[in-house]
Structures are given as C-alpha cells and as structure tokens.
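Thanks for asking me to look this one over. Please have the chain open beside you while you read.

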Amino acid sequence: MKNLFSIFLLFGFFTQLKANESMVFRCDGRTIDIIGDKRDAQPYSDVESLEVNIEEDVIRWSGEEVELYDGFFDDGRITFYDESTNIQIKLDKLTGILTETRLYPRTSSNDLFIMTYQCKKITSKPLW
C-alpha cells in the first residue's frame, strides 16, 4: 500500500498545475468516442501537447490558442472556439487525464467527439 501511495504522489508531481509556472505537457491519446455512431469508445493513439504559458498569458492545445484565465488552475477547464469547431478541455489535476470535447456545429449531424489523453508534465518554468 505504501508503494501505491508513493506512485500516486510521484504521478501527481508530473500533473500538478501551478499558477506561477509556464508548463508543457505531453498528452498521449487513450480513447475517442464519436457520439451518435452507436459504437463504444475506441482506442486512440495520437499525441498532443498542452502548453500553459503564463508569460504570454495563453494556453495552446491541438494547434489552437486561447487566453489563459486564472480559473484554469482551479478547475482545469478551458474553451477554444472558432466558427467551425468548439473545443472544450478539462485536465484532471490528480490523474493527468485530459478530456477533450469537440463539437462541429456546421455539419449536418452536429458531430460530437470526445477524446481522452494521459498527460505528463515535461517542462516547467517558474515566473518568480
């Protein structure tokens, strides 16, 4: 049990969000679920990076960029929006699991995709 607790603490170290740090996470795809296709979630192996840049006050994800709000450090949620895609992400600070929801509203069926990723912090740089 002690070893399990140590592993949990070590893992938590890689995913901890700190408001005074710029961070980059490597996020390995786990599953993709296309709502409405009547299939269960499928394995998904894409790799993305999540950048939380406090110097530039932005978050970058999947080729998109949005303003960084302090609330992200509390709940791990952020929304990226453009006319063709609405992307919402939520990073679980304890497990490092990132859930991405994409809605494509301009398609005939309003396609909804839910992807999950396992994220690990690979770099960080304190502001002070």
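My notes follow as numbered points.

1. **What kind of model this is.** This is a predicted model, in which local features need pLDDT of at least 70 and side-chain atom pairs count only at pLDDT 80 or more, while totals for chains, interfaces and linings use all residues. Residues are numbered from 1 along each chain as its sequence is written, and side-chain values use heavy atoms, with hydrogens and water left out.

2. **Confidence.** The average pLDDT (the predictor's confidence in each residue, from 0 to 100) is 86 for the protein, and 84% of the residues score at least 70. Please read residues 4-14 with care: pLDDT stays under 50 there, and the model has eleven contacts beyond four places in sequence for this stretch. Contact here means heavy atoms within 4.5 Å.

3. **Overall layout.** The protein has two helices and nine strands. Helices (H or I, at least four residues) and strands (E, at least two) are DSSP runs, numbered from the N terminus. Read from the N terminus, the order is α-β-β-β-β-β-α-β-β-β-β. Of the contacts between residues at least 6 apart in sequence, 42% join residues at least 24 apart.

4. **Surface and burial.** Of the 128 residues, 32% count as buried. Buried means under 20% relative accessible area, exposed over 50%, and partly exposed in between (1.4 Å probe, protein chains only). The accessible surface comes to about 8,100 Å², with 54% of it belonging to carbon and sulfur atoms. Those areas come from the Shrake-Rupley method with a 1.4 Å probe, and for residues only the protein chains shown count as cover.

5. **Strand β1 and its partners.** Two strands pair if DSSP finds at least two bridges between them. The β1-β2 hairpin has six residues between the strands, and G36 takes a positive phi near 105°.

6. β7 and strand β8 (residues 97-104) run antiparallel and are joined by six bridges, with K90 bridged to T99 in β8. These two strands form a hairpin with five residues between them, and G96 in the turn has a positive phi of about 80°. β8 in turn runs antiparallel to β9 over eight bridges, where R102 stands opposite F113 in β9.

7. **The disulfide.** How many disulfides does the rule give? The count comes to one, taking a disulfide as a pair of cysteine sulfur atoms within 2.5 Å. The bond joins C27 to C119, with an S to S distance of 2.1 Å. C27 lies in strand β1 and C119 in strand β9, so the pair ties together parts that are 92 residues apart in sequence. The torsion about the S-S bond is about 115°, so this disulfide is right-handed. Both C27 and C119 are buried.

8. **The nonpolar core.** A nonpolar core is a set of buried Ala, Val, Leu, Ile, Met, Phe, Trp, Tyr and Cys residues joined through side-chain atoms within 4.5 Å. The largest one holds 25 residues, and F25, L50 and W61 touch the most other members. At least two residues of this core come from each of β1 (21-35), β3 (47-53), β4 (58-61), α2 (71-75), β6 (77-81), β7 (86-91) and β9 (111-126). W61 is worth a click: leaving aside neighbours within four places in sequence, its contacts include C27, L50, F80, I87, I89, L98 and Y117. E48, S49 and E100 are also among the contacts of W61.

9. **Backbone points to check.** D57 has a phi near 60°, a positive value in a residue other than glycine. D57 is found in the loop between β3 and β4 and, at 36% relative accessibility, counts as partly exposed. S62 likewise has a positive phi, near 50°, and is a residue other than glycine; S62 is found in the loop between β4 and β5 (64-67).
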